[in-house]
Amino acid sequence: MKNMGFRWYGSNDDAIKLKDIRQIPGTTQVVGALFDVPVGEVWPKEKIAALKHEVEAAGLKLEVIESVNIHDDIKIGLPSRDQYIENYKETIRNLAEYGIKVICYNFMPVFDWLRTNLHYQLSDESKVMAFQSSKLVNDPDKMIEKVKKDSQGFVMPGWEPERLAEVKRLFTAYSGVDASKLTENLKYFLDAIIPVCAECDVRMAMHPDDPPRPLFGLPRIYKNREDMLAIEQLHESKYNGFTICTGSLGENPANDVPAIIREFVAKDRAPFIHARNIKFMGNEGDFHESAHLSSEGSLDMYEIMKALYDTGFDGYIRPDHGRDIWGEEGRPGYGLYDRALGITYLNGLWEAIEKENN
Ligand code: CS2
Ligand code: MN
């Protein structure tokens with residue numbers, strides 16, 4: 001696939017080298033971010049330039065950012081949001097100047113994605129991330145302690161230390177924010193930034209909530225097709241788009257992921273795809289992540305790639321979380337080996353589908 005990418009945490013923070021990424025056949029894009037700019041602040045041009053040059057010097061491209069996180073004041077709808085929105089606009093303009101085409105973000109309150117085990121061992125001794133409702137610790141503080149311990153010192157996306165330190169305060173701040181209030185606040189944000197995106201040709205791509213259901217009483221507003229239709233209507237523009245994360249959406253068996261792809265890619269509302277597989281476990285809603293292959297998980301990756309092909313997808317795609325295999329120990333889900341296998345598999349499916357159709 002033309003724009004196959006690989007998420008990378010930067011030379012200070014990722015054991016994986018750009019050269020390693022370059023050596024994964026059929027990989028052209030790095031999906032990157034500035035991890036040292038606190039959420040809410042403007043991303044400085046010099047730092048964006050440095051990242052861009054580093055990636056290009058390695059023979060790769062940087063056109064997708066994941067993520068520019070949204071300050072909680074914007075999601076809560078506090079008066080201070082206006083300043084944070086101004087900063088966000090400035091960041092969009094700065095990124096556009098360096099050729100960024102897509103910004104991935106999410107609108108989940110307090111937590112980004114959540115798992116109950118970051119090292120769930122499969123029978124072949126590979127390790128994956130898993131979610132089991134029975135293992136959910138209902139006290140958010142205890143939950144955080146557990147995630148911190150499990151991630152063994154790695155900063156997980158969305159679990160940055162400054163965010164975690166504030167969780168108690170945030171829970172109180174979100175107490176009046178239900179799904180409709182959160183949606184209103186998303187609209188306020190989109191109305192402000194989408195015109196800037198249109199001006200600079202940068203597409204926003206909202207990532208689904210993961211898992212796609214409310215947790216700890218906090219609202220979730222991007223869980224399924226209906227939510228996508230509602231979000232689309234908040235601000236009509238192709239710049240108000242989605243990241244379709246097959247794993248996140250697929251965690252609810254009621255979501256027909258290939259159908260969602262067909263609908264939203266055809267409408268040009270999905271500039272960015274996360275392709276990963278998950279496997280349902282005994283209990284309703286429980287799952288563990290798996291190798292990308294259809295044979296290893298519950299999602300039909302062939303149908304997913306076929307939906308992309310049939311709708312003429314020419315946006316950006318990356319493998320998502322992988323297993324920890326072959327002795328690799330690193331940031332859970334973000335090792336080199338299994339994501340590289342994922343890319344090879346996805347590219348193989350794509351080649352076969354392309355040839356079948358020509
Ligand atoms: C996760 C998220 O599933 C995923 O891709 O790793 O952290 C994701 O990157 C963010 O929610 C996007 O804003
Ligand atoms: Mn994802």
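Modeller: A salt bridge is counted where a side-chain nitrogen of Lys or Arg lies within 4 Å of a carboxyl oxygen of Asp or Glu. By that criterion the structure holds 32 salt bridges. The model is predicted, so local features need pLDDT of at least 70 and side-chain atom pairs count only at pLDDT 80 or more, while totals for chains, interfaces and linings use all residues. Residues are numbered from 1 along each chain as its sequence is written, chains are lettered from A and ligands numbered from 1 in the order in which they are written, and side-chain values use heavy atoms, with hydrogens and water left out.

One salt bridge joins the side chains of R115 and E289, at 2.8 Å from N to O. R115 lies in the loop between strand 4 (102-105) and strand 5 (117-121) and E289 in strand 11, so this pair ties together parts that are 174 residues apart in sequence. Helices (H or I, at least four residues) and strands (E, at least two) are DSSP runs, numbered from the N terminus. Both R115 and E289 are buried; buried means under 20% relative accessible area, exposed over 50%, and partly exposed in between, with a 1.4 Å probe and protein chains only.

R115 and E289 also belong to a network of salt bridges that links R7, E66, R115, D210, E251, R276, E289, R318 and D320. An oxygen atom of ligand 1 is 2.4 Å from an N or O atom in the side chain of E66, and a polar side-chain atom of R318 lies 3.2 Å from an oxygen atom of ligand 1. Taken alone, ligand 1 exposes 340 Å², and the protein buries 100% of that; accessible areas come from the Shrake-Rupley method with a 1.4 Å probe, and for residues only the protein chains shown count as cover.

The side chains of R225 and E263 form a salt bridge of 2.6 Å, N to O. This pair links distant parts of the chain, with R225 in helix 9 (residues 225-234) and E263 in helix 11 (residues 257-266), 38 residues apart. R225 is partly exposed at a relative accessible area of 35%, and E263 is partly exposed at 22%.

D191 and K187 meet in a salt bridge of 3.0 Å, N to O. D191 and K187 are 4 residues apart in helix 8 (residues 179-200), so about one helical turn separates them.

Note on methods
A polar contact is a pair of N or O atoms within 3.5 Å; within protein, one must be able to donate a hydrogen and the other to accept it, and residues adjacent in sequence count only if both atoms are side-chain atoms.
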